[in-house]
Amino acid sequence: MTSTSEGNARRISLLTAICLVVANTIGTGVFTSLGFQVIDLKSGFVLLVLWVVGGIFALCGALSYGELGAMMPRSGGEYRYLSEIYHPALGFLSGWLSVTVGFAAPIALAAMSFGKYLASAIPGLNADFVAEPIAIIATICISLLHAQNLQIGEKFQDISTVLKVVLIFVFIACGLAISSPQPISFLPESGSWQQLFSTPFAISLVYVTYSYSGWNASVYLASELDRPEQNLPRSLFWGTIFVTALYVLLNFVFLYSTPIDRMAGELEVGYIAATSIFGGWGANLMGLLIAIGLISSMSSMVLAGSRVTQAIGEDIPVFKILGKTNRQGVPHHAIFFQMAIVLVLTIASTFESVITYLSFTLTLSSCLTVLGVFVYRVTHPEIIRPYKTWGYPITPSIFLAIGLWILVFIFQDKPIESLAGLATILLGLPIYWLANPHRRNSSIQRFRNANIFSFNREFSMKKVTAIALVIVASLISIYLQLCGRSKTAPSIEPQAAIDPANSSSVAPVASTPTPINPLAEFDLEKSKQLTDIAKFLAGIKVEKNPEISVLQESPNWINYAAATNGAWSKLEEQQLSAARQWSNNELKSINNSKPNLFYPFSGPDFLYADVFFPNASKYIFVGLEPVGALPKLPNLAQATQQIYNVQQSLYTLLQYSYFRTIDMRSDLKNNGVLPILYVFLARTNHMILDVKYVGLNPEGQLIGFYEQPQPGSGIIPGVQISFLSAGETKPQYLYYFSVDLSDAELQKTPQFLEFVKQQNTNVTYLKAASYLMHRDTFTTIRNFILERSKFVLQDDSGIPLRYFEEANWNRKFYGNYVSPIDLFAVRYQPDLRQVYLNNPNPQNLEFGIGYKFNQDANLMLFLNKGNPEN
């Protein structure tokens, strides 16, 4: 400090140092990540252990940093440690990363998030419009506050952190006191221990450790701590312990108060839990809680980040101005420099991409620092260590093992971004050598002359053990890497073909490998918007979407939602629940194989395809109805019209379990099948990940389009919907194509059946198919199904029984067959009637289906005894 003596300067207390750790760690991650963990991990015990292990990882890092910080009690964090342990150039690169974007980008992200959460919690504010101005104002105010006086900044940090913690504890207490407990066990059950060593647990741990980042916050202000040799290790230890306990309690309340299926695959778990606990206004309460919490997070990062800048200014003459302090000993130039970078990133909206590609390098910096505990004990055993890492060498080895696994995971998941992060760091090398050509930094000169790899001292057994544990840690990380790679191999779609003659309107359809993170290939904001639109169209209340919240206040939507909810409850009670139970009993082995399902004459009937075949990897639907426009909500008038159209289209299905062809042609002529598909996906609890227009060219290749292909283009129009089922990690895909399946028309569009053939559709489902395949004019599609299907599930409106000869097919009959409805009386099958009469033990159906929605419903399941070409 330049203006005051070190003895008279204001010192940061142990309480404030702990608050720095707590505030810097607790961000939005703990309120958002559980939804992705419960997709694979259903045990309350396993999920809580996951957060405990994440806390142990952070604690091991904190214990390791404590030794280095007590031994080198100067501000700067990794910049200081890496400079003195390895080489000043390596320390500068770490500091360069922190100064330029390492702290600025997270501050910008927290500021923008604060703006959005605050706006969403205050009725009448448009989050999209006011979030950025609020972020800018918050950044300037917090920076000015900390630039004036350390005592004021310290009190603000303490108060904002304590307020955040108190609000979280109030939320936890309310969750335990007033919510209804869910049927989930928090004690070990059968299979729980196996899940602890499973791939989903290892992958989830990566994201949990992200939520713990910030546990090292107090090391950046070591020079300003009161008795840093004692209080720095204490602040790291108690801050991390406290956060771990809070995280475990918070996730316990989420699981205790909220049905796990409601959280599965959802990003905004905090809102969902708050709604379960407090009702409709709970989401606004959670938004306000997170907003207040982000203020303390921003404050702690402003404090910590500016001290790295200050440390570089003190060591390197070219940056001397950044190391200067005011009369109160505050590095105001460093704070203003950091504020300027934050404002640029906020206005340019580039901070999220910066954080993405720097995550690898920031983790690498932490791992090198913890490794430095081993290195420095070997190279400088003579230096006094006021505090030694508790549990050494076990604790730093645990941190390195998990840290190395995280590095491997990040690099595998985002190799280009990781390499870009490394390139950003290397840009600091020329700056270092230009700024310090004569290596004049006396404070680190003695370390520059040391050869850190000169091991000419006698090795003790403890040193040998330490090195051995580092090797073991590396082996553990490799094992974790192999666990990640052992995940189910992805199924790759055929690469998209681009029609050069129509390149202006064509977009490539991306291949669809299953990522380690099920949402890694998708835009989460877009996914949330698509899912919210689907819920709106389905009459399901949408939370935390200002645009849709306004639309839901419409009397038309309120009446529609009430009518739809009532009809859906009736359908669920009278038919769907029994049909699902039948599927669980009779189609279990088929569903376990995750088949590709072909559903000709389907129209938009995803509902029954999901009821009977919920685990299908792909659904291929086909009907005469157009795809239609992607549902959007630009204004209330259009939204009202859309829900009216949906209501009309759903009427016969909800009443009779099938679409009437004549109604579909009129109801779906203009809007197409997409709105109905959205409704069914929302009502069956799916998250829509993406929706793309597609088409089939004459060679049967799938092509992506920015807009629907025009009639007469030679392209079969269609749509591809990617979605995620509750409790699943692998995205599923639904294709709908508008195709006439009559013989004459299929001769004109042979690419459709070629595409279906390429998809290996070994299961065919037929319901309310208008007895079309009883006619000679539908011979092509009938023969295609018979030749290529391993299983066929249908009612009597599908393929006539006479084509399923007992010599070639195993046949199972359910329900009853008397005769078709009057409209199709000419399609009566006497041989089918005889089978049901002669069946001594008919298996009843406790639900109606197809045209026989109220009585005498039937289903037939056929297994091909041969080996159909697939």
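## A pair in the sheet

The model is predicted: local features need pLDDT of at least 70 and side-chain atom pairs count only at pLDDT 80 or more, while totals for chains, interfaces and linings use all residues. Residues are numbered from 1 along each chain as its sequence is written, and side-chain values use heavy atoms, with hydrogens and water left out.

Two strands count as paired if DSSP finds at least two bridges between them.

β4 also runs antiparallel to β5 (residues 702–705), here with four bridges. Gly-695 stands opposite Ile-703 in β5. A hairpin is formed by β4 and β5, with five residues between them. In its turn, Gly-700 has a positive phi of about 80 degrees.

## The protein around it

Stepping back, the protein has 34 helices and eleven strands; these are DSSP runs, with helices (H or I) of at least four residues and strands (E) of at least two, numbered from the N terminus. Of its 870 residues, 56% are buried.

Among contacts (heavy atoms within 4.5 Å) with a separation of 6 or more, 77% link residues 24 or more positions apart. The accessible surface, from the Shrake-Rupley method with a 1.4 Å probe, comes to about 35,200 Å², and carbon and sulfur atoms hold 59% of that surface.

Terms used. Buried < 20%, exposed > 50% of the residue type's maximum accessible area, 1.4 Å probe, protein only.
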